[in-house]
Amino acid sequence: MSSLNVSTQLQKEISRIRDDLTVSAKTLQTITDHFVHELDKGLSKKGGNIPMIPVWVMDYPTGQETGEYLAIDLGGTNLRVVYVTLKGNHEFETQQTKYSLPEGIRTAEADELFEFIGLSLQTFVADNFPSGVSHPIPLGFTFSYPASQDIISEGILQRWTKGYDIHGVEGQDVVPMLQKVLHKMKVPVEVVALINDTTGTLVASTYTDRETRMGLIFGTGVNGAYYEKCGNIPKLEGKYADDVSPDTPMAINCEYGSFDNEHLVLPRTKYDIQIDEESPRPGQQSFEKMISGYYMGEVLRVIVADLVHQKLLFRDQNIKSLEEPYIMDSSFPSVFDLDTSPQLLDSRDKLKLLGVDSAYEDRQVLQQLAAYVGERAARLSVCGIAAICKKRNYKTAHCAADGSVYDKYPGFKERAAQALRDIFEWEHVEDSIVIVHAEDGSGVGAAVIAALTQKRLQKGQSVGTKAKMTRTE
Ligand code: GLC
């Protein structure tokens, strides 16, 4: 940093920002310990900040599951429809099409969203099964938002996250909303399971790798799923059907993006507070808002805007665009952070997209700031992994990860691995808890979950609470 040729005032501000965004090993350990406590609280009868949603996936896949399934995944920019053939022997084939989400869908009305999904499925089925199907195709619906489930085939949206704000869905079960549209459009598809992307990732990766201990998403949002023992979920006591024993596994969608909504341990800066206050859901997803792909660019933008207001950066430049919230997605810090091009020309081109002409010195500052934001995100991200390992007493684990930040953000993997070392202070040379690349959770994972669900139902086993199961008999 000392090599930057900038004013003393700017130098001072950069140091302050660095100090605010740096997370020491000690802080990571404190956060992790509190995280374990919060995971427990989420499973208790009283509940806590972290929802810890039991998702009624009550088997480990063996890798021998077979069958043909449809899976859909409503992502940030498109709807992915996948036809999955599970071949057993840990093998599968997929065929997929992506449908771009209509402009403005994040804040549309519920009907628009479900009609769009219905139409996309109709097109997919017509294109891939021109002579029709003999029976409805079972569908695993990946819906990556906090949705409560008393049975695997429902999902009552607790609240939107990641900037979605579609009216008339919160508090509703999204499965009948979709099924109604499919029925109306005569699309021969039946929703058999509603799945979170993390649970899909957990199950898809377990299908191919028995050492998998959790499924994680580091993308637009951040979240994790793992298997708990039913006997360790106090909030479900008395609600299980008779076939469930205390040792039966239960996948839990933690929804830990909401970790520390009480603001007890996370080192929030004035920038984090600003982003939260200006978001559609202030006070929620505190952890996610500091680290996920949806917010990382925004964290950098508010920092830059602050320096611009102080007339310390981009002097005499037209920087109007930088006033616009969310104008920088995570590809911006991602390009700036480890830009190795001469004169940081890649960063220059990226800034041009915003109509900003930059001086080399400005770009050097931006690189520094992006590195602080990126490093903080990676380091804080692993506290969820460490907490699950501590809670379940895992000494070794494959932590299956997916998502745009994990895949594309430079240095994320190395920084995350270092943060795990900082937390656990291993004395052995090889890391025993490692983050590995996940299998396709919302395609293959959704299909395997649909297969596991059908198998349980065929055997007369439960896939929901006792009350729900008696009602559906
Ligand atoms: C948000 C959602 C959660 C999802 C995560 C990753 O945190 O609430 O359901 O798993 O993003 O997509």
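**Salt bridges and the ligand site**

By salt bridge I mean a side-chain nitrogen of Lys or Arg within 4 Å of a carboxyl oxygen of Asp or Glu. Arg16 belongs to helix α1 (residues 8-21) and Asp306 to helix α8 (residues 293-309), so this pair ties together parts 290 residues apart in sequence. Helices are DSSP runs of H or I with at least four residues, strands are runs of E with at least two, and both are numbered from the N terminus. In total there are 30 salt bridges in the structure.

A word on the source: this is a predicted model, where local features need pLDDT of at least 70, side-chain atom pairs count only at pLDDT 80 or more, and totals for chains, interfaces and linings use all residues. Residues are numbered from 1 along each chain as its sequence is written, and side-chain values use heavy atoms, with hydrogens and water left out.

Now the ligand. There are 15 residues around the ligand, counting any with a heavy atom within 4 Å of it. Thr161, Asn196, Asp197, Glu255 and Glu288 come nearest.

Polar contacts are pairs of N or O atoms within 3.5 Å; within protein, one must be able to donate a hydrogen and the other to accept it, and residues adjacent in sequence count only if both atoms are side-chain atoms. A polar side-chain atom of Glu288 is 2.4 Å from a ligand oxygen. For the side chain of Thr161, an N or O atom is 2.9 Å from a ligand oxygen.
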